[in-house]
Amino acid sequence: MSWFTRKDKGIQTPTEAKREAPDGLWYKCPQCGNIMHTREHKLQAYTCSKCNYHEKIGSQEYFELLFDDTLYTELDPTMTSDDPLHFKDTKAYPDRIKATERKTGLKDAVRTGYGQVQGIDMVVACMDFNFIGGSMGSVVGEKIARAMDYSLKNRIPLLMISKSGGARMMEAGFSLMQMAKTSAKIALLDQAKIPYISLLTDPTTGGVTASFAMLGDFNISEPGALIGFAGPRVIRETIGKDLPKGFQSAEFVQEHGFLDFIVDRKDLKDRLAKLLEIIWVKPA
């Protein structure tokens, strides 16, 4: 069959005639290597269709996944960090903030907003790890506190989505003060009987874990999320012993009683709505 036989040798395609796939068209899972179309990956709530690996995503993606028809009103969208300590490492803190703003399009490491989730009014505060490692500074604490104030004033539930490396060293004690401030606001939510649900995602560590991330009426997590205070390497070097298998994974933390349940991101919206239907009575 002559059509299976190449008669011309050394066939070459000129550069101008070559067509390459656009960047970002395909997603490769870092855990199992599965390749899937980015559109399919988004439809799967940014999880792998083969191993269910939960890719790290930011506040915009969570808002799109949770709020009905992606309709929401952002709270305090222009708030930015000051430089109370005139801190400088490899660059001045204000320069680092401005560079990160240009790179990420974000003002700080948390965004807050309100809208409806399955028809239920809800405030959502979501951290962004891309902004200086999701570190908690004065703006992060203040925006979360104001979101809680809005929740209190309007008597609607609040969902906190944590993703952080801990306190922001450039603000030192000002950063640590946010732990007390947000914890005090959570106590007010508790007194008002307003549900506060904390979702821990990969990673949730440091002062965030030691404050608002673990103070929910329900503490929940995504599968495989790293949850802890100090990192595994620091703990291993401190105690001089090998750590248990899966130490600080969401599954390990749940097994030891610190999480209520683990929820697949694809089911998050439905699980939140069902949970609130059980525990929350809408005000008349």
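Colleague: At what angle do helix 4 and helix 5 pack, and how do I read it?
Modeller: Two packed helices are described by the angle between their axes and the distance between the axes. In this predicted model, helix 4 (residues 138-154) and helix 5 (residues 172-191) pack at about 10 degrees, their axes being 8 Å apart. An angle under 35 degrees counts as roughly parallel, so helix 4 and helix 5 are roughly parallel to each other.

Colleague: Which residues in helix 4 and helix 5 meet?
Modeller: On helix 4 they include I144, A145, M148 and L152; on helix 5 they include F174, I186, L188 and L189. By class, this contact has eight nonpolar, five polar and four charged residues.

Colleague: How many aromatic pairs does the structure hold?
Modeller: Five. A pair of aromatic rings is described by the distance of the centres and the angle of the planes. For F63 and F67 the ring centres are 5.5 Å apart and the planes stand at 55 degrees, so this pair is tilted. F63, F67 and Y72 form one aromatic cluster.

Colleague: Are F63 and F67 buried or exposed?
Modeller: F63 is buried, at 0% relative accessible area, and F67 is buried at 1%.

Colleague: Why is the pair of F247 and F252 edge-to-face?
Modeller: Their planes are at 75 degrees, with the centres 5.6 Å apart; over 60 degrees counts as edge-to-face. F247 is partly exposed, at 24% relative accessibility, whereas F252 is buried at 17%.

Colleague: Where does the charged end of R271 sit?
Modeller: The charged end of R271 lies over the ring of F261, 4.5 Å from the ring centre.

Methods:
Residues numbered from 1 in each chain as written. Predicted model: local features only at pLDDT ≥ 70, side-chain atom pairs only at ≥ 80, totals over all residues. Heavy atoms only, no water. Phe/Tyr/Trp six-rings, centres within 6.5 Å; stacked < 30°, edge-to-face > 60°. Buried < 20%, exposed > 50% of the residue type's maximum accessible area, 1.4 Å probe, protein only. Lys NZ or Arg CZ within 6 Å of the ring centre and 35° of its normal. Axes fitted to C-alpha atoms, helices over the stretch in contact; angles between N-to-C directions. Helix = DSSP H or I, 4+ residues; strand = E, 2+ residues; numbered from the N terminus. Parallel < 35°, antiparallel > 145°, perpendicular 65-115°, else oblique. Contact = heavy atoms within 4.5 Å. Nonpolar A, V, L, I, M, F, W, Y, C, P; charged D, E, K, R; others polar.
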